[in-house]
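Welcome! Take a moment to look over the structure below, and then we will walk through it together, topic by topic.

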Amino acid sequence: MSSTDRPHNLSPDPTTTRFGRVNRDILGTLHPGRLYFAALALCLLGIGWGVWSWVQQVNNGLAVTGLHNPVMWGAYITTFVFWVGIAHSGTLISAVLFLFRARWRTAISRAAEAMTVFAVMTAGLFPIIHLGRPWLFYWLLPYPNQRGLWVNFRSPLLWDVFAIGTYFTVSVLFFYLGLVPDLAILRDNSTGWKRRIFSIASLGWSGSTREWKHFNSSYLLMAALATPLVISVHSVVSWDFAVAIVPGWHSTLFAPYFVAGAIFSGLAMVLTLIIPARKILHLEEYVTPSHLENVAKLILFTSLIVSYSYVIEFFFAWYSQNPFEQTVFMSRLVGDYAPLFWLMVVCNCLTPMLFFIPSARRNTALLFVVSLLINVGMWTERFVIIAGSLARQYNTTTWGDYGPSWVEWSILLGSLCWFLFWFLLFIRHLPGLPIAEVKEAMIHGSPARNSLSAEGQP
Amino acid sequence: MGKYVWTAAAGVLLLSLLAGAVWLVQAEEPYAPDQPIAFDHKVHVTDYNIQCFYCHSYVDRSPFAGVPSVERCMGCHLIVARDSPEIEKLRNYQQSGEPVPWIKVYALPRFVHFNHEAHLRAEVQCQSCHGAVESMSKVTRVNDLQMGWCLDCHRSEEASVDCLTCHY
Amino acid sequence: MSGVLGIFEQREDLLKAVKEARTENLGPLEAFSPVLDEDLIEAVSPGKSPVRRLTLLGGVTGGICGLVLTIWTTAQWPLLITGGKPLISIPPFLVIAFELTILFGALGTVSGFLYWSIWARHRRPLPYDTRFTQDHFGLWIECPSVDTEQVVKFLKERGATEWEIR
Amino acid sequence: MIKRRDFLKVMGVSGPAALLEACAPPQTEQLIPYLVSPDNIVPGVPAYYTTQCRECPAGCGMLAKTREGRVIKAEGNPNHPVGQGHLCIRGQASVQSLYNPDRFRGPLLRDEGGQLRTTDWEQAEELLTSRLGQIKASGSEQRVAWMGRLLTGSMEQLTRQWLQSLGSERLLFYETFDYEPLRRATQIAFDRSELPSYHLQDARFLISFGADFLETWRSNVELMGDFQRMRKARSTERPDNFVHISQRLSLTASNADWWIPITPGAEVQLALAIIHSILEQGLAVPEVDSDRGWIESLVEPYSPEATQNATGVEVSSVQELARRFSQDSPSLALGGGVSSTGEQAVSLELAVLLLNAVAGNLGKTLTFGIPSALDQLATYQEVLDLIQDMNQEKIEVLFLHEANPVFTLPQSCGFAEALEKVPLVVSFSRLPDETTARADLILPDHHFLESWGDFSPRAGVVSIQQPAMQPVFDSKATGDVLLSTAQNIDGMASEFEHSNYFDWLHAYWDSEIRTQVAAEQSWEEFWPDILRQGGHFQEVEPVTVALRNFSTQIRLQPEGLEGPEDGHALLVYPSAAFFDGRNANNSWLQEIPDPVTQLVWDGWVEVHPESGREMGLQEGDVVTVTSPYGSVTLPVHLFAGLKVGVVAMSLGQGRSGELRYASGRGDNPMRLLSPQAEPESGSLLWRSVRVTLAKTGERHQLVSLQARPQDHPRDTLIAREVQDTPFAEQIFPSQLSDSASGEEHDTASSHHEPIDFYPPHEHPDHQWGMAIDLDSCTGCNACVAACYAENNVPIVGKEKCAQGREMSWLRIERHLHDPPVTQESALVQPQVTSVPALCQHCHNAPCEPVCPVFATYHNPEGLNAQVYARCVGTRYCSNNCPYKVRRFNWSASEFPEPLELQLNPDVTVRTSGVMEKCTFCVQRIQAGKNRAGREERQLVDGDITPACAQTCPAEAILFGDLADPDSRLSQRVADPRGYHLLEGLNTRPAITYLKKLVPEKPFDEE
């Protein structure tokens, strides 16, 4: 059938039949073929390469990276910020849109939540990889020790530890909570050891009304908690830079600017993952172009915020009449960092403009390409902010430029594979769509609350 | 079905308890290395009543207490206990011109700068760190010189707890 | 404890059955559904879920823990002054407090969910049919064994396709 | 050589945690530690030995700081008149030449195959004695020659007597840089063949004709001290009182208020023009009235107008020079450095002496009668004669002592070839060099820190050199070699009553010195005192001299240069770090940037950007420099501090052989010079050739540790601050008072009322701080070397320097401004400012709050602490440091054996992955407190001196306690010139910089 046809139009089928079809369709995705395992193997290979490079770094010290005085932070921190950003869209879609009652989210929420968890898992690696003495990373945790030494809670890095830690825990819990009913479905559709695992995982969910009642209220509360959290987390990450006195970092704009950027990049990543997935897993009729279009609209919206922030940054630099700030921004505009800067402008400000054209928003191929460009653009943005500012600080005699070394690139590649690896495991073993929610949407006949109609955007 | 959950939970709990228990009961052997010469502090200090400073002569003017040169040992042992096998060893060292390779009982990492002189000036007793060496036939380490242990004393004695006091 | 479990194919039938069971106040009810169904919840067990109380509790605890942790630990070594800031510089500590508020709040919520919807159920096991997670609905009516006949009859009339007496 | 363990066994200690009572080195009854009780060494407590620096002929007094019997630091001897407690960069680095890993492990002998192979001392000396025995037996004369570094006192006596008994007078004291033209000039003008002594501290106006007295000329540490005294005394209204006249903006020139980039060879005319103007304006002193006649006729043709074309200097400028020079009396004119030694060298010196005479400086700032050791130097002409004899195979044995003539003589004079004609070439060199590569027998001498000796840099100053430690390697003091060979040659033993050099020295001091200076004292009273003081020092009364008419002897026809007309004049100058190349294999000296160009680990040819543009040369282009006598291949460094039409190369790099730090860097300019000697004085003609540059097409990366302003659009921040009003002020005017105007400031931390959100924290006991006077700082880098030595700062090598991974805690930022010289510029203001940049120990340190683990924090005494053991390496602190003075250990540091013996046991050697930075030498602060505690007293001002402040020859750095209102520091920071770097950031540094005084108006304006 064509992807625009919608299951609920198939009535007067009895509910049972329709529910049955949903089960079949979605559970059917859990048996992919050779291609899948090839991809999995590839990821493992990438991870191995990354780990090996990291071993080199631990053995020979950070001299193997491109870092030096004055650019003490580079690709690692950039990538850390990048992945944290990616994570944000997941929470946005599953929590914020849930609170907004934007029911179209159902189609992509599960994938997005999963992405959040894996992105945070990836991001969490980088602050440790980046350390000069990574084996002492636990000194950043406040634990009682015989030295009587605690941690410095004034340091933004400590805020990071708590923000990222909280964010990871909450995302996992939220993800799992939403998963419980579907795990029960899996349990009742499987046998043997799988069944045993699923029954442990599903906590013996039986779908009784009381379970549903507390489930409902817990899910709502979690969403309500996750929403301020997601704002705080990237604000904290932005403060890593904003509270420093480095020209180009020291700006009050950073928190909103980073949050917007985070959601922007995250949504792009959602598209990057969903578009191929729906093709391969034949979910076109559940994840329809109208859903993608809504994501595209959000991307456009956040892109505008981000573009505005770029402009305002330059305005600040000019208006402050502070030569240090001005130097940094000039070096971005026309200086050594201009190529990267303009690449970022093209990817993050110009290409998303395409989405003003409705047909462009519905063209999956185009969406996919643009989403990739945005991923590149947002990584570049963080790189320009971090390395670009450090390279042009107060005293010209201490200026110096930075480029990542092969070790850094390898570890970056490894981290990407690590992320994809988990995502692949996820789509292989867990339903990519929230089955119960899809069904739920079906029983409410009215279009306004129809899960698969593309209305009710934020 | 649900019973799996609870069995699993119970298992995890049990394991963690076990681990904790093991960690608690593991007791460390007191460190008492065999020295090249079985020097007996008890005999020297308690029985013959030789002062610590006599042998560890730098303790009041140097970061290091120092241990006596072979010559100083022989100063007495030319006469005293000449025929003891241990003194024989000592004599061999003296003849070969080799220093006695004593084994350190108390060692600090290189990034800690401890000063005996200053602690003596503050009238800290040898025993408060080294234990009752005068009653030890074989010197045994009585504490592991962990930073927290140093701090406890520095705090109670209102000595400086500034990091730069020891770390530079 | 005894009762009857009726299995429905149509949600509408179930809803009707529940409402009438209430009016005829047959013994304690429990309905089963593959989906979150607010109407059904309203019908079977009206009122708010207590989970939110745990959320609040968790949140408050978290906030307090955050402040206590930061201030107390800083006071442990009062020499370690940094960047001309006083020992107890509240603004940065608030960040920690906030994050912990969220964390504990979430933990509270989840434990609430576990307690009321999972643990509660395991204390009082009910009959279950695997079709409940797929595509069928169920209604469990608890009643003394003498009345089971009557309850079965009630369910049959309301469109239950199968029933099972306990 | 001795393995480390054995070495320590001898020393009787095993590492810092000394487990053994130290038994002092042999001859213990004579070894008298400077500070601790003489009877023994206490492990863990440093013992200081007086000795003296022999890195160059200046002979500064030195204290060798030893721990557990190993030298760990060299410092100046405050009792010693030469250096007065300070050392230059080379003196500081001498400990690395002591532990140099490339030193000969023992004697070597060239076998039939022409390969050097190790041998033992018995064999080596046996060979020597047998050969010398034959010569002695044959009774033939002048068959043996000695070419070595400048010796005086006991060693000179021994060597001379030893050679005499071998029938030879051939004892050449060879130094690469001699002062023959000056000595010849004094001979002509005053009939005294000796170098004059200068008294800069008494001068009120100074003109230097190419004498780089702050780097290598004569006694640079001593002269820098005097220079600073002279500068401190000058008026703030008219702060310009030093004019330098040369072709290159050397370190000395860049410290001048005015620099005259003059055409090579025009110096004499300028000097005469000034004299002319002085006479013309009737400013000459009456003393010269008697000579007025011949002087006037001599300078008559050299009126400022007439010489303007040649010199390029405005008439008004010359007149003003004349006016200032004669009116700000006593003034002083210094003559002729290496780079101005051309055919006119003697004439220039004569003119300069005359200039001093007419200004009445004789007997005031310029005195005679205090002969310098340098007067003993052999002339280059004598060296040429030796080469001739060698070629005629008149020399059978040639001894080379601390000399590397193959490298330091013009290649064209054929010394290397002549060596082939000498049957036995014996070298006492410690390090492999170009000469030992051609020697037959190598008998490595001790380093001066390992051996006894004495040296008298000038009359009245006799310093003792005592061994501070046991030899590191299997070397032997040359004096001992001479005596032990003498013992084994029949007929010779009888002439030498002593069998070892120590006894010889002992006897010499007893007979020659004690009897003269302290005959009343017994040896037992005399000797310990000498060892404590570091020698015997007394004032020598100068003699008065009479000017003689030398108008006939002065050579006035302009000097010519060999080589193509279109070529560039070649200017060869001594390297500030490597001197004549003897220190090239010293890793600190290689890694510490060249004070002028800021380049590291390299050799280069300096080309003026204008000439570069004409020749199409870019920075780093490798060119072949060709002169009539040879050619070298070097990368180009475009340098605006040059007279257009001149290219400059420093001597020192381009060492060959197996030197791990020096080999294969740059090239040796001596390949280019003419072999001729200057006819009048017999000195080497340093300025003799023109060269042509040809691109090879290759490129070579020249590494500068300082991103150079011309690479970047924005003006250099700190430069602006030191030049005019603090740059910060232009950005944050609201917060700052005007540091440039003479307005008063109370203390360092309150140049302006700080606007702080939080109250300042207390400093109950001390608040350590520092003041750096940029008006005194010459940028000589001695402090940087001292910091390397004191704090175990590792070197990283050229590649990592290029990556910006250098580790130096203290760097001298050198701020050059708009290119000082153009084609037509005649009198320029160098506008060079050297800013020592180190951790500012800010009161509101931005680095502190961002550290998650308290590895850096503010200690109660105002130090910005860095705890290596706690650092996990987030590097956030460094990002947040606006001064960029923090250094990160990118990889594990390496100290090739035996360099690890130099490490300071009081300072932790940092591991890979941790941050480090300047600590204000906290180990010295702790030691100072400990000493005070031992002596049961409070700390007093001056108890604690960090390594940098200790060695600074200009005394620009002052460390002290800001909490003590009476400390010298508290007073110094109240100076109206005081300001803080980046004051507007309100980091409130503990370091106060005192602004450099620069002339506000043009020179020739009244």
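Two residues are in contact when heavy atoms of theirs lie within 4.5 Å. With that in mind, please note that this is a predicted model.

**Chain A as a whole**

- Chain A contains 15 helices and 0 strands.
- Its radius of gyration is 23 Å, close to the 23 Å that the globule rule gives for 458 residues, so chain A is as compact as a globular protein of that length.
- Of the 458 residues in chain A, 68% count as buried.
- If you look at contacts in chain A between residues at least 6 apart in sequence, 80% of them join residues at least 24 apart.

**Surface and charge of chain A**

- Chain A carries 29 positive and 21 negative side chains.
- The centres of these two sets of charges lie 8 Å apart.

**The nonpolar cores**

- The largest nonpolar core has 361 residues, and those touching the most other members are A:Trp73, C:Leu139, D:Met147, D:Leu398, D:Phe415 and D:Phe920.
- Helix H5 of chain A, residues 156-188, gives the most to this core, with 18 residues.
- Another core, of 146 residues, lies apart from it and includes D:Phe190, D:Ala271, D:Ala284 and D:Leu353.
- Leaving aside residues up to four places away in sequence, D:Phe920 touches D:Trp768, D:Gly769, D:Met770, D:Leu838, D:Cys839, D:His841, D:Leu863, D:Ile925, D:Pro946, D:Phe959 and D:Ile991.

**A covered helix: H15 of chain A**

- Helix H15 of chain A covers residues 435-443 and is mostly covered, with 9 of its 9 residues buried.
- Among the buried residues of H15(A) are A:Ile435, A:Val438 and A:Met442, along with the charged A:Glu437, A:Lys439 and A:Glu440.

**A closer look at A:Asp188**

- You will find A:Asp188 in helix H5 of chain A.
- A:Asp188 counts as buried because its relative accessibility is 12%, and the cut-off for buried is under 20%.
- Not counting residues up to four places away in sequence, A:Asp188 touches A:Arg195 in chain A, as well as C:Tyr128, C:Thr130, C:Thr133 and C:Gln134 in chain C.

Terms used:
Residues are numbered from 1 along each chain as its sequence is written. Chains are lettered from A and ligands numbered from 1 in the order in which they are written. This is a predicted model: local features need pLDDT of at least 70, side-chain atom pairs count only at pLDDT 80 or more; totals for chains, interfaces and linings use all residues. Side-chain values use heavy atoms; hydrogens and water are left out. Helices (H or I, at least four residues) and strands (E, at least two) are DSSP runs, numbered from the N terminus. The radius of gyration is taken over C-alpha atoms; the globule rule is 2.2 Å times the number of residues to the power 0.38. Buried means under 20% relative accessible area, exposed over 50%, partly exposed in between (1.4 Å probe, protein chains only). The place of a charge is taken as NZ of Lys, CZ of Arg, CG of Asp or CD of Glu. A nonpolar core is a set of buried Ala, Val, Leu, Ile, Met, Phe, Trp, Tyr and Cys residues joined through side-chain atoms within 4.5 Å.
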